[in-house]
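Visitor: I've got a model open and I'd like to learn how to read it feature by feature. Could you walk me through it?

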Amino acid sequence: MTEPTTRDPEGFVVHTAPVGMSDDGRDDFTVLASTVPAQVSAVFTKSRFSGPSVVLSRSAVADGRARGVVVVARNANVATGPEGDRNAREVRDSVAAATGLAEDELLIASTGVIGLQYPMEQIRDHIKTLSWPFPDGGFDRAARAIMTTDTRPKEVRVRCGAATLVGIAKGVGMLEPDMATLLTFFATDARLEQAEQDRIFRSVMDRTFNAVSIDTDTSTSDTAALFANGLAGPVDPAEFEEALYEVALALVKNIASDGEGASKLIEVQVSGARDTAQAKRVGKTVVNSPLVKTAVHGSDPNWGRVTMAIGKCTDDTDILQENVTVRFGTTEVYPQHAGGPGDAELRASVADHMRGQEVVIGIGLGIGDGEFTVYGCDLTEGYVRLNSEYTT
C-alpha cells in the first residue's frame, strides 16, 4: 500500500541557486544527486532538434547507472551549434568534478528559450562555489528551481513499503510528448532489479506522461529519469509500480491543469477501441483540437466539436459513427437528436459540467476492448498572450 509522506528518500541531496538566467534572482540551477551509487531508468524526446543535454544524458544512462542530474532552467541550449555542445559538456563535467562524481554518473537537462548560449562565465563562477556533499533534502526547492513558465512547483511523494518515492516535474507549454515529456525526475531509496525498474518506468511513463498534451508541440529537451539507490532495501515490484503510477499521474494532472494560460483540466476517456494505440490516438486528437479546447474554456456545450475531432482520424476506417457514443461527465450527448425532446435540458447539464475546473469527455468507439485516458487543458487568451510575448 502507498501513502503520502513528508519524508525524503534516504541518501539524496539537492542544491539550487540563481546563476542569472534571468534578472529576477530566482533559483535556476539545480543539482539532484544520490550520495551512494544508484540505478537510473530514463527516456528522452525523439525530436530531431534535441539539444546537447539530451545527447549527453542518453549516453550517461546507457549502462543503467547514474547518481543524479544537473538542470539549467530558462535556457534550453538547443540549436546552439558546436559551442552549445561544448558548454553542455563543460557544465556537466564541472559539476561532476565538484561533487566527486564520475562524468558519466551525471545527467544534464536544460529547459527554456531555444537558440541562446549559456551565460558560461556566471555558471563557471557558481560551480566553483559548490561544496559536496550538499545538505539533505530540498526537493521542494528543486521543483521550484526547474520551472520556466509554470505558475506553481510540482512535487509529489509517497511511501512504498519501507521506501520513499518523490517526483518533481516542470512543463506547461511546448508539450506533446513522444517519450515521457518535459522535465520530470523521480528519486527513491527502494531497491529493484535493473530490468524490472526499466520495465516499470517505461510502462508508467506510457500511461501518464505520454498521455498528456497541452499544445501539440513536442519539446526539444524532454527528459524523464528515475534514480534508485536501494538504501531502504527491496520493495515489491507491483507495489512500486502502483506508487510510481500514483506519483506520475498526480504530476501529469498538475501539469495539465497548469498549462500555459489554462483554467481547466480536460480528461478524455476513450474505451471500446480496437487497441490501446487507437484509443490513445483518438483521445489525443480530441484533446488537441483547438475547437474542443475553446468550447471547454467557454463552457459551451457544443458537443459536435468532439464528434468532428473523432472524425479526423480518417485512417481508422473501423470507426463508424453509428457505433460511437460521447458523453460529458455522466451526460450522454451522442447519439442524441439535436433539437429533440429534452435537448435544452441536456445542453444545460453539459454546460454545468463544463463550468467545473475538470471536464471529463467520455468516448466509446464500439469496436473492441482497447482503452486509454489522455489529459490536457483549455485554450485561453492567456496562452496566446504568454507565448506571443515569451522572449520579449
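This is a predicted model: local features need pLDDT of at least 70, side-chain atom pairs count only at pLDDT 80 or more; totals for chains, interfaces and linings use all residues.

Visitor: Is Asn 77 buried or exposed?

Guide: Buried: Asn 77 has 0% relative accessibility, so it falls under the 20% cut-off.

Visitor: While we're on backbones, which peptide bonds are cis?

Guide: Look at omega. The bond from Trp 132 to Pro 133 is cis, with omega near 0°, and Pro 133 belongs to the loop between helix H3 (120-127) and helix H4 (139-145). Another cis bond joins Tyr 334 and Pro 335, where omega is about 5°. Pro 335 is in the loop between strand S13 (331-334) and H10.

Visitor: Okay, on to annotations. Which positions does UniProt list under "binding site"?

Guide: The unreviewed UniProt entry gives Thr 148, Lys 170, Thr 181, Glu 260, Asn 387 and Thr 392. Such annotations may be inferred rather than shown by experiment. Let's zoom in on Lys 170, which lies in strand S8 (residues 163-170).

Visitor: Why does Lys 170 count as buried?

Guide: Because its relative accessible area is 7%, and the cut-off for buried is under 20%.

Visitor: What does Lys 170 touch?

Guide: Leaving out residues up to four places away in sequence, Lys 170 touches Thr 111, Ile 146, Met 147, Thr 148, Asp 150, Leu 182 and Leu 183. Among them, Thr 148 is also on the UniProt "binding site" list. With Thr 111 there's a side-chain polar contact of 2.8 Å.

Visitor: And what is Ser 47 in contact with?

Guide: Ser 219 and Thr 220, once neighbours within four places in sequence are set aside. Ser 47 is found in the loop between strand S4 (39-44) and helix H1 (52-60). With a relative accessible area of 17%, Ser 47 is buried.

Visitor: How should I read a pair that's separated in sequence?

Guide: Compare the gap along the chain with the C-alpha distance. Gly 356 and Lys 264 are 92 residues apart in sequence, yet 7.5 Å apart in space, C-alpha to C-alpha. Gly 356 lies in the loop between helix H10 (343-354) and strand S14 (358-364), and at 25% relative accessibility it counts as partly exposed.

Visitor: Last one: how do you look for empty space inside?

Guide: Rolling a probe the size of a water molecule over the atoms shows where empty space is left. Here the structure holds 1 cavity of 30 Å³ or more, and the largest cavity has a volume of about 40 Å³.

Visitor: Which elements give two or more residues to the lining of the largest cavity?

Guide: Helix H8 (290-297) and helix H9 (304-311) do, with H8 giving the most, 4 residues. The lining includes Leu 291, Asp 300, Arg 305, Phe 328 and Met 354. By class, it has 7 nonpolar, 1 polar and 2 charged residues.

Note on methods:
Residues are numbered from 1 along each chain as its sequence is written. Side-chain values use heavy atoms; hydrogens and water are left out. On a 1 Å grid over the protein atoms alone, a cavity is a set of points where a 1.4 Å probe fits but cannot get out, and a pocket is an open set with protein on both sides within 12 Å along at least five of seven lines; lining residues have an atom within 4 Å of a point. Grid points are joined across faces, edges and corners, and a volume is the space filled by probe spheres set on the points. Ala, Val, Leu, Ile, Met, Phe, Trp, Tyr, Cys and Pro count as nonpolar, Asp, Glu, Lys and Arg as charged, and the others, Gly among them, as polar. Buried means under 20% relative accessible area, exposed over 50%, partly exposed in between (1.4 Å probe, protein chains only). Contact means heavy atoms within 4.5 Å. A polar contact is a pair of N or O atoms within 3.5 Å; within protein, one must be able to donate a hydrogen and the other to accept it, and residues adjacent in sequence count only if both atoms are side-chain atoms.
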